[in-house]
Amino acid sequence: MASAGLRLRTIRATAFLLTALSLMVVLLSAYLRLDGAGLGCADWPACYGRLLASEPGELHFGVVRLLHRAVASISLVLACALVWQCWRRPSIESAAGPATLLLLLMLLLSALGIWSSDPRLTLVGFLNIMGGLGLVTFSWRVVLASSPGSTLHSHAAPTRTLRLGAAALSVTVILGALMGASYAALACASFPDCGGRWWPGADDWAALEPFAVLATTPTAGDPGGATLHLLHRYSALATLLLLGAAALQALADDARRHAAWVLLLLLVVEIALGSLAVLSGFNLWLAVSHDVGAAALLASVATLLRRQPWTDKKETAAV
């Protein structure tokens, strides 16, 4: 019994560490991508998108890039140890599933690194951004599955509002990742409108090519880039309303109240960061913080979505 409790605490501690390291990977990746593209450069906005001006050369291994690779390598080793701890007999299936997905995602991102040196490949950039966010989500799901004292002991299914809010958040994150991968910051430098436009026109939809190989960054008013901005903002508004309503409903449940307050706080912070990033002329650290906030928001929603199965309850009692 004591051995099982020690094992569960080891899994939980490893998953916590992996969550922190995954957040660091998201932060460092966002910094490398945005700083390399020239966000906030001295000659802004003329210098933006400088990476796309020529053929990709050899990567410059500065301190930040070396730190990124070191953190990613340590995370991979820890993920292997985590999967072994979860699957060895008797297996802890509730934690083994997300732990396995975490390891597979890390291996996929490692393989994707072969093409990551070319910033013109929008699809590769998009997968890297989404993959980094996925690392945080899966590692946090392992924390939830292995935390008897902090799991949600409600067996009620998530509300429809929460499910719709989670779907809206997923769409918002996907659109944001497409904006980042296509370097579309300059396409819409005003807020809340987009250069006087409030909704994409018919021609704007036709210009939307999210996975095209880039030759240059979208300029101010670019129809495809502006469409991404507007869709991202409307999706973010729907996310705020739906998840905000779901969090307010969850405040009535003692077991979910803390998670609901965290979700409400993250919603406000994330909307503020996105708005301030545009209004500030795309400040580098505001944009990086917006990416990290998205990862934290996904983990927060995962906390409220999780239904604790009866097997978890038995494991909790045993520990």
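A residue counts as buried when its relative accessible area is under 20% and as exposed when over 50%. The exercises below apply to a predicted model.

**Exercise 1.** State which secondary-structure elements the chain holds, and how much of the chain is buried.

Solution. Step one: the chain has 10 helices and zero strands. Step three: the chain has 319 residues, and 47% of them count as buried. Step four: its accessible surface is about 15,500 Å², with 69% belonging to carbon and sulfur atoms.

**Exercise 2.** Find which residues of helix α2 are buried, and compare the reach of α2 with the expected value.

Solution. Step one: α2 covers residues 63-87, which is 25 residues. Step two: from first to last C-alpha α2 reaches 36 Å, close to the 36 Å expected at 1.5 Å a residue. Step three: the buried residues in α2 are H68, V71, S75, A79, L82, V83, Q85 and C86. Step four: an α-helix has 3.6 residues a turn, so residues three or four places apart point the same way.

**Exercise 3.** Determine how helices α8 and α9 are placed relative to each other.

Solution. Step one: the axes of α8 (residues 257-279) and α9 (residues 284-305) come within 9 Å and cross at roughly 155°. Step two: angles over 145 degrees count as roughly antiparallel, so α8 and α9 are roughly antiparallel to each other. Step three: their crossing is left-handed. Step four: the residues that meet include L263, L266 and L267 in α8, and L286, H290 and L297 in α9.

Terms used: Residues numbered from 1 in each chain as written. Predicted model: local features only at pLDDT ≥ 70, side-chain atom pairs only at ≥ 80, totals over all residues. Heavy atoms only, no water. Helix = DSSP H or I, 4+ residues; strand = E, 2+ residues; numbered from the N terminus. Buried < 20%, exposed > 50% of the residue type's maximum accessible area, 1.4 Å probe, protein only. Areas by Shrake-Rupley, 256 points an atom, 1.4 Å probe, with all protein chains shown as cover. Expected span 1.5 Å × (residues − 1). Axes fitted to C-alpha atoms, helices over the stretch in contact; angles between N-to-C directions. Parallel < 35°, antiparallel > 145°, perpendicular 65-115°, else oblique. Left-handed = near helix turned anticlockwise from the far one by under 90°. Contact = heavy atoms within 4.5 Å.
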